[in-house]
Amino acid sequence: MDISSISELPARERILRTAHDLFYADGIRATGIDRVIAASGVTKVTFYRHYPSKDDLVRAFLDHRHGLWMAWFVDALGRLGAQQRIGGGQALEVLADAMAEWFADPAFRGCAFINSVVEVGGSVSGASDISREHKREMVEVIAGLLPETLEGSQRMAIAQAAALGVDGAIVKAQMGGAALAREAVDDLRRLLQALAATLPASPAVTSRPSE
């Protein structure tokens with residue numbers, strides 16, 4: 001996001017969106033409060049009125065990022081045809097297509113939640129909890145791509161395995177370079193195909209004879 005494009009927003013929203021861009025691009029520890037204040041065009045008094053500490057801003061950043069990413073994720077799966085492919089597990093492969101789309105974004109810097117837990121998970125109260133909730137919701141969305149005929153425990157086990165593959169692909173793609181990103185997508189696609197092969201086949205659709 002172009003920080004200059006948010007200059008008309010209320011101060012609280014301006015600070016949050018500025019922090020989001022800076023925290024995600026450069027890291028939480030590398031981004032000081034003074035930099036956020038300067039980039040968002042507010043005074044220190046205004047900043048601390050809305051966010052009494054950096055920890056408060058980090059938690060707000062993670063909540064905001066969660067909403068943005070989940071909205072993109074659900075939309076991407078829909079655009080890429082996940083619902084039309086639910087049946088024998090074909091919908092799982094859409095996860096690889098969605099990751100390929102995200103990895104190609106010049107702003108891609110990996111998973112904000114994995115990055116944040118590594119950076120500040122032990123020092124910012126609530127950061128790990130928000131990150132775990134984000135991953136839990138991601139698993140739930142993935143579970144929704146699986147056939148309804150699966151029993152609950154099997155559905156969640158496969159969704160969790162697919163989510164672990166997604167996270168692994170994200171980390172690999174974050175290491176840098178288009179070639180590595182493509183390799184990460186290919187690895188993920190093979191994993192998803194293997195998971196899909198464990199699913200029961202969709203029941204055949206038969207036509208009723210004319211009466």
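How many residues of the lining of the largest pocket are nonpolar, how many polar and how many charged? The structure is a predicted model, in which local features need pLDDT of at least 70 and side-chain atom pairs count only at pLDDT 80 or more, whereas totals for chains, interfaces and linings use all residues. Residues are numbered from 1 along each chain as its sequence is written, and side-chain values use heavy atoms, with hydrogens and water left out.

The lining of the largest pocket divides into nine nonpolar, two polar and five charged residues, where Ala, Val, Leu, Ile, Met, Phe, Trp, Tyr, Cys and Pro count as nonpolar, Asp, Glu, Lys and Arg as charged, and the others, Gly among them, as polar. A pocket is here an open set of points on a 1 Å grid over the protein atoms alone, where a 1.4 Å probe fits, with protein on both sides within 12 Å along at least five of seven lines, and lining residues have an atom within 4 Å of a point. The largest pocket holds about 440 Å³ of space, a volume being the space filled by probe spheres set on the points, which are joined across faces, edges and corners. Of its 16 lining residues, His20, Tyr24, Arg65, Asp105 and Ala107 are the closest to the centre. Helices H1 (11–26), H4 (54–79) and H5 (94–103) each give two or more residues to this lining, helices being DSSP runs (H or I, at least four residues) numbered from the N terminus.

Residues up to four places away in sequence aside, Leu95 touches Phe73, Leu77, Ile142, Leu145, Ala162, Val166, Leu188 and Leu192, contact meaning heavy atoms within 4.5 Å.

Aromatic pairs, in which the ring centres of Phe, Tyr and Trp (its six-membered ring) lie within 6.5 Å, are stacked with planes under 30 degrees apart, edge-to-face over 60 and otherwise tilted; the count comes to 11. One aromatic cluster is formed by Trp69, Trp72, Phe73, Trp102, Phe103 and Phe108.
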